[in-house]
Amino acid sequence: MKKSKLSRRITWCVVGIMSFFNVLIIGAILTFVFKVSLLNSSSRGQYVVDGIEGKIESTLWAVHIAAANNRDEIERNLQSPEHVFDALEREINVNKFLGCFAAFEPDYFEGQGHWFEAYVYHADSTRLEHQQIGSSSHNYFNGPWYEKGLSLDRQDLGYLTAPYFDDSVDSAMYCSYVLPIVDRQGRKVGVYGVDLNYLWFNEVIDEVQKIVKKEFFRNDDPPQISDDIIYFSVQIIDSKGNRILGSDTLDLNILQAEQEKVFGQQEMKDLKGTPYYVNFKPLASTDWTVAVIQHRDLVFAWGEILAISILFCMGIGCFVIFFFTIRSIHRATKPLAFLSESAQEVAKGNFDAPLPTFKHNDEVAQLRDSFGTMQQSLKQYMEELKVSTAAKASIESELNVAHSIQMSMIPKTFPAFPHRKDIELYASLSPAKAVGGDLYDFFIRDEKLFLCIGDVSGKGVPASLVMAVSRTLFRNISAHTDKPSHIVETMNVNICDGNDECMFVTLFVGVLDLSTGHMCYSNAGHEAPYVQAALLPCNSNLPIGVAPDLKYSEQETELVPGMTLFLYTDGLTEAENSTKELFGRKRIDEVIKSTKGSPQELIETMTAVVHQFVGDTEQSDDLTMMAVRLTSKK
């Protein structure tokens, strides 16, 4: 069977969700590996700088103890230069320094000149050499070691200078540890120092790097991915960032620091933009800083291998999961395809189409049972629908006949009186349903126009029956009298008789003498008509059908040629648009004032305006209008 669309959709949905979460998991793994690599790199770098810093500080502490004792000996022998030289010789024999010196303030010893720096050093393995090396060519007063030593307090640790070139004795590089010399009056009179072979720091670095190899690289050298790139470097730099010592020739000055630290490491880049991660730690009693520099490829080398291994395993696992997921989804949705085929047969009208059976009592089986119940319900519904459709068609047919009968009861041929030139009349009736309760009628007897317009309470068939009775009563009664009040009162008595449903009719009846323009009228709770643009005064009488003994007043008015009488039901004033706003009298006034044509033009214009106002809103009430214009008098 062809794979269903549902199966494909569920499969892609599951694959999409799993892919989304796999991306999140992979991202989390890569982030974790990245952080672990950085933390491992930071730990390695911190381990190295701590080891070097500890080794150097322990050595410098031993140097400080010996130098401080030597300085005390010098301070006890400040009587003459000879005493100073003797004290230096005794100390160098005891401590085996490369050399030691005592440099004094200007003109400190009388007769020794402006500069006096006593220096004793090993000329060879068996002989010591004494020299006074202070001179204008060796102006130690401006030397950084002298200025720094003189700035220290006697109780402070000494200061280890950066390696410097000294050509006063053997033109060699020295590294000195200096302390201030204080006389018995507590004045600083000079600087005492011992010369150290600065190359011994390389031994410290090499010793620590051996431990690093053992701890972090398993006794192997750090991996060299490329021969022209240094991946792991230990440097000792001065306060200006210049390299003093190190395991290689990497110049830290070519690295440019970024603005942030990563796990205690300073991220830096070389001139090619390659990132390095550097751990710094200052050395006490010096202006030196230990720097461990690790190339980015070294930092992430093992992390990348781990990440690739994890991603490879995840990829294999995801492929297996996707494969079995797709198969499971296809098997789970396969019964739905059979059920879909049965549903298509039912949709074609075959309500007896067989439904598939399932072994498992799961949701799909329950859906099949529900579909079977629906199948039987549809079959029964269709039988009932045939019956109800036939009945509805019969009712609609009867309503259409009733509508035709009702419309035939009212005058609908216009012009109404084509043989007469003294009057124009036009009327329209639009029921809200097939049949309605509005009515209008008119006829001429004895040169008098009898007219009426009414609105039965309620709608539909009951209202249409009362409307038919009312129109018949109007015709029969007005055939024997020309008094509007009598016509209304007689109609009221007949409507009240047997009115168990308490239905009533608002009614306006008028009798217009065509020869004089005199009109008598009686209003039974109906909307007051317009004469031109003004409302015709009407007494407030109750609608007919309320009580049989009611008396109705009669009123009079005069119509001159050119005047238009406009009558209507409340379906006009109460027409609603989509916002429940009523059409109202104001809009009626505007249409009447703006329309100067015939009664037919007035009603057609009014109808168009109402339809534009209502729009697509369903008509809620019957709408009936009549317009009469007296054109001349006989």
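This is a predicted model: local features need pLDDT of at least 70, side-chain atom pairs count only at pLDDT 80 or more; totals for chains, interfaces and linings use all residues.
Residues are numbered from 1 along each chain as its sequence is written, and side-chain values use heavy atoms, with hydrogens and water left out. Local features need pLDDT of at least 70, side-chain atom pairs count only at pLDDT 80 or more, and totals for chains, interfaces and linings use all residues.

Across the whole structure, 26 aromatic pairs are found (rings of Phe, Tyr and Trp, the latter by its six-membered ring, with centres within 6.5 Å; planes under 30 degrees apart count as stacked, over 60 as edge-to-face and the rest as tilted). One of them joins F20 to F21 in an edge-to-face arrangement, at 5.3 Å centre to centre and 80 degrees between the planes. Relative accessible area is 49% for F20 and 44% for F21, and each is partly exposed (buried means under 20%, exposed over 50%, partly exposed in between, with a 1.4 Å probe and protein chains only).

Y530 and Y568 form a tilted pair, with 6.1 Å between centres and 35 degrees between the planes. This pair links distant parts of the chain, 38 residues apart: Y530 lies in strand β19 (residues 530-531) and Y568 in strand β22 (residues 564-568) (strands are DSSP runs of E, at least two residues, numbered from the N terminus). Y530 is buried at 2%, and Y568 is buried at 0%.

Ring pairs also gather F101, W115, Y119, Y121, Y140, F141, W145 and Y146 into a cluster. Elsewhere, the charged end of K148 sits over the ring of Y159, 5.2 Å from its centre (NZ of Lys or CZ of Arg within 6 Å of the ring centre and within 35 degrees of the ring normal).

Y159 is also among the residues nearest the centre of the second largest pocket, together with P144, A162, D238 and D287; 13 residues line this pocket (a pocket is an open set of points on a 1 Å grid over the protein atoms alone, where a 1.4 Å probe fits, with protein on both sides within 12 Å along at least five of seven lines; lining residues have an atom within 4 Å of a point).

Methods. Helices (H or I, at least four residues) and strands (E, at least two) are DSSP runs, numbered from the N terminus.
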